[in-house]
Amino acid sequence: MSIRPVKHESRATPAMEGAGVKLHRVFGFGDPSMTDPFLMMDDFRNDNPSDYIRGFPWHPHRGIETITYVLAGTVEHGDSLGNRGLLGAGDVQWMTAGSGIMHQEMPKGDFAGKMHGFQLWANLPSSLKMTAPRYQDIKGTDIPVVVDDDGTVVRVITGDFWGKTGPVDGIAAEPVYLDISVQPGKRKSFPVDTYRSAFAYIFAGSGSFRGASQPFGVKVEKEYRGEELNIRDLSGNRTLVVFDTGDEVTVQAGDEGIRFLLVTGKPIKEPVAWHGPIVMNTREELMQAMRELQNGTFIKADH
């Protein structure tokens, strides 16, 4: 087995989207080849309802799939085709926008006002850009959970892992999407397909993916006694780790343990023409989508 080396680390950065939702952008709107087939990921995590309650009003999607994973609170969604639903804690929605829909998502906190979830965008290959829209709403109780002898817990959202198969299927990128918790001080290896893109996103605790030695954090500048120092922030929270090639990912958990998403997918390796939530292959296709939005032909009724 060959351990995948780390080729990129970064921290999620504060951003604002929708009608004023404060969130952290994990990656996106940069070089899409680094995480191909995944285009963007947001971590929306707030304890203050005023930071998210205005939500994400009506907006278009075409040419992508959006994956919403809720950990706390709820997200009510609706679209121009009449679909409606409510995602609760532990639930997942995998939406294939395909040829296009108008969509809205309105988050609401739990009894304490807390809201936490992730949204990941996956690209569609040119052959499926104009496919019919499709939803897969998965209840948290339907997501298989594997608990290893050392206390490692893995929720298998999609893909095959440790003898379990996630309930989301028929996805172009053939992804594996896992929510993994490793106990404090434990070293753990997870098999991955050698030829897939792979990244981890730490959202609790800390750990090391660099040879699984000491717990790591992203190097940051902090002021100490009037001097700027480059130090290692050991929290690990909101850290993105993008891996190079290899057939396993190994982590050494820190003193608090570590919880992270591990996501892999088959690269599409096609040109990307991008304008917000509309992602096509060429500028001409993008301009056509813009014209259709303006003249009212964006939604394809013949599906």
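Which residues lie nearest the centre of the largest pocket? Hold that thought for a second, everyone, and bear in mind that we are looking at a predicted model.

Here is the answer: Glu 17, Phe 56, His 59, Gln 119 and Trp 121, out of a lining of 22 residues. The volume of this largest pocket comes to about 380 Å³. Strand E5 (56-61) gives the most to the lining, with six residues. At least two residues each also come from E3, E4, strand E10 (101-108) and E11.

If you look at E6 and E11, eight bridges join them, and Glu 65 has Ala 122 in E11 as its bridge partner.

The largest nonpolar core contains 25 residues, and Met 41, Leu 120, Tyr 177 and Phe 199 have the most contacts inside it. Strands that each supply at least two of its residues include E4 (38-46), E11 (115-123) and E19 (197-208). Leaving aside residues up to four places away in sequence, Met 41 touches, among others, Phe 27, Phe 118, Leu 120, Phe 199 and Leu 261. Apart from this core lies another, of 23 residues, including Val 156, Phe 209, Ala 253 and Phe 260.

Technical notes. Residues are numbered from 1 along each chain as its sequence is written. This is a predicted model: local features need pLDDT of at least 70, side-chain atom pairs count only at pLDDT 80 or more; totals for chains, interfaces and linings use all residues. Side-chain values use heavy atoms; hydrogens and water are left out. A nonpolar core is a set of buried Ala, Val, Leu, Ile, Met, Phe, Trp, Tyr and Cys residues joined through side-chain atoms within 4.5 Å. Buried means under 20% relative accessible area, exposed over 50%, partly exposed in between (1.4 Å probe, protein chains only). Helices (H or I, at least four residues) and strands (E, at least two) are DSSP runs, numbered from the N terminus. Contact means heavy atoms within 4.5 Å. Two strands pair if DSSP finds at least two bridges between them. On a 1 Å grid over the protein atoms alone, a cavity is a set of points where a 1.4 Å probe fits but cannot get out, and a pocket is an open set with protein on both sides within 12 Å along at least five of seven lines; lining residues have an atom within 4 Å of a point. Grid points are joined across faces, edges and corners, and a volume is the space filled by probe spheres set on the points.
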